Amino acid sequence: ARELDLSRSTFTGPVQLLVADINGQLNCRGDRLVGRDSEGNALNADRLKAGAVYLSEGFTAPAGAVRLVGADITGALICRGAQLTGADSDGNALGADGMKAAEVVLDEGFTVTGAVRLAGAHITGQLSCRGAQLTGCDSDGNALIADRLKAGGVFLDSGFTAVGAVRLLGADITGQLTCRGAQL
C-alpha cells in the first residue's frame, strides 16, 4: 500500500500486519486496540516495512502488546503520548527487537505497564524517552531492554521513570546518553 490510515479506530480483535509493505505511513493516531491474539498481542506488525509509523495522539492498547519485531521503518516510529497498558504472556508491552528506524519517539506522556523491548534495534537518529513512564516490567524485572541497541543518541531524561531495570548491555550509542532527572 502507499499509505494505511486506521486513525481514530477501535479494534475488538487483534490487528495483524505481518510483513506488510507500506511505502508511506501507517497512521494509527488515536486508535484503541481492545482485542488480542492467543499470544497476547493487540498489534502484530513483525517485519513491517513502512515510511513512518504513528501510534500516538491517544493511541491505547489496553488488552495486549504491540509487536514490531524486525520492522524496517525508513522514517520515524512516533508513540508520543501512547498508553500501552496491555502486555503479552512474557510481560512485554512493546516488542521491537531487531527493528530499524530513523528515529524512535516514546515521550511526552508515553506510558507502559509492561516492558519495552528494543534489543538489537538500529536507530540511525535518536531514541527519545523524555518524560516516559515505564510503570511495569517483564518477568525478569526489566522495564527497558535495549541490549545491542545501535543509536545516534538516547534520551532517558526530563522525568523519565522506570520501575524495573534499564538494560543497555553492548549498546552502541554514537552521540549522547542522557539520564538527567530520570528516576530509576
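User: Which residues does F110 touch, leaving out those up to four places away in sequence?
Analyst: In this predicted model, F110 touches C79, G81, A82, L84, L94, V116, A132 and Q133.

User: Which residues touch the most other members of the largest nonpolar core?
Analyst: They are L48 and F110, in a core of 51 residues. In general, nonpolar side chains in soluble globular proteins tend to be buried together.

User: How much of the protein counts as buried?
Analyst: Of its 184 residues, 51% count as buried.

User: Now the fold. How many helices and strands are there?
Analyst: The protein has 22 strands and zero helices.

User: What share of the contacts with a separation of 6 or more comes from residues 24 or more positions apart?
Analyst: Such residues account for 52% of those contacts.

User: Is R47 buried, partly exposed or exposed?
Analyst: R47 is partly exposed, because its relative accessible area is 49% and the term exposed requires over 50%.

User: And what is the phi of E57?
Analyst: E57, which is not a glycine either, has a positive phi of about 50°. E57 is placed in the loop between β7 and β8 (65-67), and with a relative accessible area of 47% it is partly exposed.

User: Let us move to N142. Is N142 buried or exposed?
Analyst: N142 is buried: its relative accessible area is 9%, and buried means under 20%. N142 belongs to strand β17, which covers residues 142-145.

User: Which residues is N142 in contact with, beyond its neighbours within four places in sequence?
Analyst: N142 is in contact with A115, C137, A165 and R167.

User: Lastly, the surface and charges. How many positive and negative side chains are there?
Analyst: There are 16 positive and 20 negative side chains, and the centres of the two sets lie 2 Å apart. The accessible surface comes to about 7600 Å², with 46% of it belonging to carbon and sulfur atoms.

Key:
Residues are numbered from 1 along each chain as its sequence is written. This is a predicted model: local features need pLDDT of at least 70, side-chain atom pairs count only at pLDDT 80 or more; totals for chains, interfaces and linings use all residues. Side-chain values use heavy atoms; hydrogens and water are left out. Helices (H or I, at least four residues) and strands (E, at least two) are DSSP runs, numbered from the N terminus. Buried means under 20% relative accessible area, exposed over 50%, partly exposed in between (1.4 Å probe, protein chains only). Contact means heavy atoms within 4.5 Å. Accessible areas come from the Shrake-Rupley method with a 1.4 Å probe; for residues, only the protein chains shown count as cover. Lys and Arg count as positive and Asp and Glu as negative; His and the chain ends are not counted. The place of a charge is taken as NZ of Lys, CZ of Arg, CG of Asp or CD of Glu. A nonpolar core is a set of buried Ala, Val, Leu, Ile, Met, Phe, Trp, Tyr and Cys residues joined through side-chain atoms within 4.5 Å.
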